[in-house]
Amino acid sequence: MTTFETVQLVLRILLAIVFVGMGITHFRPRPARGMAAMIPDYITRGGLFSGTSLVRFTGVCEIAGGIGLLVPLTTFLAGIMLVVFLIAVFPANHFASQHPERFGAAAIPFWPRYIAQLVVIAVILVSIVTVPR
């Protein structure tokens, strides 16, 4: 195993811990209510998905993605899907950033949140890329 591959493995383990941990949080009642409130009305309007069902679904996605990063057969796909996931949930983060009075500490200002999401996406991509020898 090269030094770069070791760094990738460490990054995948750290990412897995974060994503699985955050995914589990989606099933705890109080945090889940707060997350459901962060989903803009235009996403839940029409009744197809409730805020609660979307929070649970995203929790499953985070847990599956985190575990998938650790399984060699699914590492690449899990990483790509986590990138798609981070892009898909950004509207909720943006909505929360616009309402700090409503969401408190979860209302991270737009630009720091945006930059952080880009950094996490970059770390995921670095952790899954295959470098020819």
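Helices (H or I, at least four residues) and strands (E, at least two) are DSSP runs, numbered from the N terminus. This is a predicted model: local features need pLDDT of at least 70, side-chain atom pairs count only at pLDDT 80 or more, and totals for chains, interfaces and linings use all residues. Residue numbers start from 1 along each chain as its sequence is written, and side-chain values use heavy atoms, leaving out hydrogens and water.

**Whole chain.** Color by secondary structure. The protein chain has 7 helices and 0 strands. In sequence order the pattern reads α-α-α-α-α-α-α. The C-alpha atoms fill a box of roughly 50 × 30 × 25 Å along the principal axes.

**Select 75–97 and 110–128.** These are α5 and α7. Their axes (lines fitted to C-alpha atoms over the stretch in contact, with angles from 0 to 180 degrees between N-to-C directions) come within 9 Å and cross at roughly 175°. The pair is therefore roughly antiparallel (over 145 degrees).

**Show the side chains between them.** Contact means heavy atoms within 4.5 Å. Among the α5 residues that meet α7 are Phe76, Ile80, Leu86 and Phe90. From α7, pick residues including Phe110, Tyr114, Ile121 and Ile128. This contact divides into 14 nonpolar, 6 polar and 1 charged residues. Nonpolar here covers Ala, Val, Leu, Ile, Met, Phe, Trp, Tyr, Cys and Pro; charged covers Asp, Glu, Lys and Arg; the others, Gly among them, are polar.

**Move to α1.** Select Leu9, found in this helix.

Methods: Parallel < 35°, antiparallel > 145°, perpendicular 65-115°, else oblique.
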